[in-house]
Amino acid sequence: MRFLIALLAIAGIIDSALALRIHYQDPNAAPPCAVTEKFDCGTVNKSRFAVFPPTSFDEDPSSKKIHIPVATLGIIGYLLIGILALANRPWLTLQATEIGFAFAAFLSYIEAYIIEKWCIYCLWSQAIVTAILLCTILWLYLNHRQRRTAVSP
């Protein structure tokens with residue numbers, strides 16, 4: 001199970017790297033997923049919410065504030081989840097995945113109700129982190145069941 005989680009984490013890293021590419025892409029270039037009015041990765045990845053902490057409305061573009069692209073945080077998060085899974089640390093993997101899931105869910109909320117546009121890469125990331133969460137829960141359940149069976153006479 002941990003290898004499946006690590007494989008899903010690699011998929012998440014690739015997905016986040018593609019979103020990061022869109023973040024740094026020239027705004028005049030059409031992103032590959034500007035398909036409809038509701039699906040536009042460029043708009044989502046260029047919004048003020050595409051960085052953490054979000055930029056303020058009155059922030060000077062030349063300010064020295066540090067803003068980390070959300071996709072970079074995704075790469076770091078998936079890398080951590082993959083390392084914890086391969087290190088056979090199911091509880092820590094669960095905790096890291098829960099944080100990632102909550103973060104992705106919050107970003108989906110922002111896409112749905114604030115930006116009102118969707119990014120295909122973000123939706124894939126939400127699906128990947130959900131799959132990792134379910135696999136991690138199953139991994140913990142199977143470990144618990146195996147220990148219970150080993151202890152029972």
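The count of aromatic pairs comes to one, where rings of Phe, Tyr and Trp (its six-membered ring) pair if their centres lie within 6.5 Å. Y109 and Y113 form this pair, at 5.1 Å centre to centre with 40° between the planes, and it is tilted. Planes under 30 degrees apart would count as stacked, over 60 as edge-to-face, and the rest as tilted. Both tyrosines lie in helix α4, four residues apart, about one turn of the helix. Helices here are DSSP runs (H or I, at least four residues), strands likewise (E, at least two), numbered from the N terminus.

This is a predicted model: local features need pLDDT of at least 70, side-chain atom pairs count only at pLDDT 80 or more, and totals for chains, interfaces and linings use all residues. Residues are numbered from 1 along each chain as its sequence is written, and side-chain values use heavy atoms, with hydrogens and water left out.

Relative accessible area sorts residues into buried (under 20%), exposed (over 50%) and partly exposed (in between), with a 1.4 Å probe and protein chains only.

| Residue | Relative accessibility | Class |
|---|---|---|
| Y109 | 45% | partly exposed |
| Y113 | 60% | exposed |
| N88 | 42% | partly exposed |
| E116 | 45% | partly exposed |
| C122 | 24% | partly exposed |
| C135 | 14% | buried |

The backbone has some points to check. N88 is not a glycine, yet its phi is positive, about 60°. N88 sits in the loop between α3 and α4. E116, also a residue other than glycine, has a positive phi near 60°. E116 is in the loop between α4 and α5. The peptide bond from F52 to P53 is cis, with omega near -5°. P53 lies in the loop between β1 (51-52) and β2 (68-69).

Next, the cysteines. The whole structure has zero disulfides, a disulfide being a pair of cysteine sulfur atoms within 2.5 Å.

The largest pocket has a volume of about 620 Å³. Of its 32 lining residues, V70, G74, F103, L107 and S125 are the closest to its centre. A pocket is an open set of points on a 1 Å grid over the protein atoms alone, where a 1.4 Å probe fits, with protein on both sides within 12 Å along at least five of seven lines; lining residues have an atom within 4 Å of a point. The volume is the space filled by probe spheres set on the points. α4 gives the most to the lining, with 10 residues.
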